[in-house]
Amino acid sequence: MPERVIIAGAGIVGVSTGIWLRRMSDAEVTIIDRLPPGEGTSHGNAGVLAACSIAPVTAPGLVRKAPGMLLNPDFPLFMRWGYFPKLVPWLIKYLSNANDSDTRRIAKGLTHIVGDTVDQHKSLVAGTDAADWVHESNYSFAYTNRAAFSADAYTWGLRHEAGFEPEIREGDAAREFEPNLSPTIGLLATMKDHGYIRDPGGYVKALARVFEGLGGTILRAEIKDFEFEDDRIRSVLTDAGPQPCDRAILATGVWSKPLMQKLGLKIPLETERGYHIIFKDAEGIPSHPIMIASGKFVATPMDAGLRCAGVVEFGGLDAGPAQAVFNLLRKQAKAALPNLSYSEEVEWLGHRPAPADSLPLIGQVRQTGIFTAFGHHHIGLTGGPKTGRIVASLVAHRPPNTDIGAFDPMRFA
């Protein structure tokens, strides 16, 4: 009798896992989510297949710089101070990694998950109707001048060690390459062999149809708990009733934290609230995704227009969006792209799952038959297909020929 597998979460990680699992095995696979596929965090990201995004936020010097960042109204870091007391335990663990040795350890782990992202996405969609959503492209980082670029030397050093080397254009050469950028941008560091998704939410929905075409099932429900027999998963309890299974996979992003607590594990996981604005029917935009270094946001051309996504805010899951964050993002986008014109704006807020050590949790929880596939921080779309492939291999009794010890979900036990 085929194994019954339940995947919690219909975002990029969950759907990718489902596709690979159906390809690798005859398991009966059901994806469960309270929302339709691609309508959570996977909908609202910057859309970049950012193979070079290997450096965590917790670089050396962050502890010293953070207070000034928070007090600067033009810096894209915000704090809901009423939430701060709840954040402190996680924040202490998070900042403890802001040193050279931990940063290099984390970067090595992230490289394993994102370094071949374009090939992983192409493998995921090969021969399917979802292939058209994946675009190969450059990915540029825009700086005001050489000094601003040099100030990021530590991060570029990590990328260099991982095999990523930018092509530098300065002055007139930068403006000729991307004529819609502001004259205040004097240097572009461009990475080849990257890519982007022209509508992340639409892409995940297309992948969900691929999954269903492979015989998978999608159920709209909210997961409440698990049922065990001899310490092995036997069913997932939902508001639509119990769903029997032999194995289960948690790919529910930041909402995985309370589910892990039911397994006796307290995971230091927080929401890093991410914002985007879509400038619909936009003109005067870049030809490929560009990270505007001064504003820490990415401008990506998409089907609907230009999506500007980024900014970091800590404030928990329950608070609504902060208009000050949208205002700063809007101000910075128009400063970097003075030729930008559009028909209307669409604002969005979502929740990035941020583990205290910036590494996703990938693997089995003890010998329970429950596997984890969450905690991707800024790299969910980029690393989703690779994570899905690894977890599907584990569940299909075909362990991947690679070391995934850095992602062990039991490392916080």
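Start with the rings. The structure holds 10 aromatic pairs. The rule: rings of Phe, Tyr and Trp (its six-membered ring) pair if their centres lie within 6.5 Å; planes under 30 degrees apart count as stacked, over 60 as edge-to-face, and the rest as tilted.

Helices (H or I, at least four residues) and strands (E, at least two) are DSSP runs, numbered from the N terminus.

A word on the basis. This is a predicted model: local features need pLDDT of at least 70, side-chain atom pairs count only at pLDDT 80 or more, and totals for chains, interfaces and linings use all residues. Residues are numbered from 1 along each chain as its sequence is written, and side-chain values use heavy atoms, with hydrogens and water left out.

Buried or exposed, F141? Buried, at 5% relative accessible area. W156 is buried too, at 7%. The cut-offs: buried is under 20% relative accessible area, exposed is over 50%, partly exposed is in between (1.4 Å probe, protein chains only).

Ring pairs also link Y139, F141, Y143, F149 and W156 into a cluster. Then there are charges over rings. R159 lies over the face of W156, 4.4 Å from the ring centre. R198 does likewise with W133, at 4.3 Å. To count, NZ of Lys or CZ of Arg must be within 6 Å of the ring centre and within 35 degrees of the ring normal.

Next, cysteines. How many disulfides does the structure hold? 0. The test is a pair of cysteine sulfur atoms within 2.5 Å. For C52, the closest cysteine sulfur is in C308, 18 Å away, too far for a bond. C52 is buried, at 0% relative accessibility. C245 is also buried, at 0%.

Last, the cores. A nonpolar core is a set of buried Ala, Val, Leu, Ile, Met, Phe, Trp, Tyr and Cys residues joined through side-chain atoms within 4.5 Å. The largest has 48 residues, and L21, Y203, L207 and I249 have the most contacts inside it. Its largest share, 7 residues, comes from α1. Leaving out residues up to four places away in sequence, L207 touches I12, V15, I19, L124, V125 and A130, where contact means heavy atoms within 4.5 Å. A second, separate core has 27 residues, including L188, L306, F326 and A336.
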